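Below is a short briefing on selected parts of one protein structure. Please keep the sequence and the 3D view at hand while reading.

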Amino acid sequence: LPLRRRLTRPLPHLLLFPCRAEYIWFDGLEGQKDIMFNEMRSKTKVMQKPLPAGSIDFPMWSFDGSSTGQAEGDDSDCLLRPVFSCPDPIRGDNHVLVLCEVLTPNGDPHPTNSRDRLAKILDKEINDEEPLYGFEQEYTMLGSDGRVFGWPEGGYPAPQGPFYCGAGNEAVYGRPLAEAHLDACIKAGIQVSGINAEVMPGQWEYQVGPVGPLELGDSVMVSRWLLHRLGEDMGIVCTFDPKPVKGDWNGTGAHTNFSTKSMRNEGGVDAINDAVEKLSKTHKKHITQYGLGNEQRLTGLHETCDIDTFRSGVADRGASIRIPRQVEIEGKGYLEDRRPSANVDPYTVAFLLLETIFSKA
């Protein structure tokens, strides 16, 4: 080829190949379906002109809301507006995950769009206090037959005790999925801070945070989608049901750690105590939005406070609000709301804590 043609011909390794953008949303029906099903939805858009992970300039899209319980058949199109994106750790290369909020056909927030009201409450007063969250997402692994993953057929494992943070084949069930999920979250850029096997065998926890309010909801929703998606490859169903096994077995929660700048500064214990006092007065309001089926978990047993009772305490895992011992010693830090169930909407938890503590109701 002539020199000019050789210099202007695109080099193969510089070509931008199409990327797959996985549009993710939730149908708002977590806890309202059979235990084997969840609220996460997604579909793939091939982008001939890729956009980088982190962008929210992905095009809006739509879906059939009549097939997700979000619209009627005679006007079924719901809109998807991208609000968050990150690298796709499963497909790799330049592929991305795109979390979307759901809008009605006229562009208003859909009733299942809990992210919108959280975004709207974030005024200057709240933002100046730099609220941070740590979300402890518990979940239970199930086999395709509905039994807890690893449990003996037609029976039960040994009583609770040896399994929490355990090691060894006899004590830990499902570690490959828990590790694969942790790896995927890290590669996606989600701020996870750890994982551990939980009290009931086959039950696990991962932690998201510390992050701000919107990042909390976005991170938890994408991480939940990743958990379900990876479970497909391993034949494991993950449920956030608050009491997947009746009887003398721990339930499944989403303890939420919360702090503001005032709480983290010297003398912050006063701000923490003030927050606890406000939370004590809105207990019922929080409980009604802290997850379906939570009454089966909050019984006063298995490290919970009774659902109709509000109690706070230092290092008390039977309290509604726990103040960690180190916080008492240092006189500053954070509080832990132990009431949310595993199937709670993370945007709702973030919203309610802000609404109550900043007196925005």
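S10 pairs with strand S13 (residues 335-337) in the antiparallel sense, over three bridges. The model shown is predicted.

**Strand S10 and its partners**
- Thr256 in S10 is the bridge partner of Phe135.
- Strands of a sheet pair through backbone hydrogen bonds, which may be parallel or antiparallel in arrangement.
- In a regular strand, side chains alternate between the two faces of the sheet.
- Are the residues on the faces of S10 buried or exposed? Both faces are covered: Thr256 and Phe258 on one side, and Asn257 and Ser259 on the other, are all buried.

**The five-stranded sheet**
- Five strands form an open sheet in the order S2-S1-S5-S4-S3, with mixed pairing.
- Strand S2 (40-47) and strand S3 (61-64) are at the edges with a single partner strand each, so one side of each has no neighbour in the sheet.
- From one strand to the next, the twist averages 40°.
- S1 and S5 run parallel and are joined by four bridges.
- Glu22 stands opposite Leu97 in S5.
- Helix H5 packs on this sheet and touches S1, S2, S4 and S5. The direction of H5 makes about 115° with that of S5.

- Where does Asn113 lie? Asn113 is in the loop between strand S5 (96-103) and helix H2 (114-121).
- Asn113 counts as buried because its relative accessibility is 8%, and buried means under 20%.
- Asn113 caps the N-terminal end of H2, with a side-chain oxygen 3.2 Å from the backbone nitrogen of Arg115.
- The side chains of Asn113 and Glu101 are joined by a polar contact of 3.1 Å.
- A polar atom of the Asn113 side chain also lies 3.2 Å from the backbone oxygen of Val102.
- Apart from neighbours within four places in sequence, Asn113 is in contact with Glu101, Val102 and Leu103.

**The buried side of H2**
- Which residues of H2 are buried? They are Ser114, Arg115, Asp116, Leu118 and Ile121.
- The elements covering these buried residues include strand S1 (19-26), strand S4 (77-87) and S5.
- Helix H3 (124-128), helix H5 (213-234) and helix H10 (346-357) are also among the elements that cover the buried residues of H2.

Methods: Residues numbered from 1 in each chain as written. Predicted model: local features only at pLDDT ≥ 70, side-chain atom pairs only at ≥ 80, totals over all residues. Heavy atoms only, no water. Helix = DSSP H or I, 4+ residues; strand = E, 2+ residues; numbered from the N terminus. Buried < 20%, exposed > 50% of the residue type's maximum accessible area, 1.4 Å probe, protein only. Polar contact = N/O pair within 3.5 Å; in protein donor to acceptor, adjacent residues only side chain to side chain. Contact = heavy atoms within 4.5 Å. Pairing = 2+ DSSP bridges. Axes fitted to C-alpha atoms, helices over the stretch in contact; angles between N-to-C directions.
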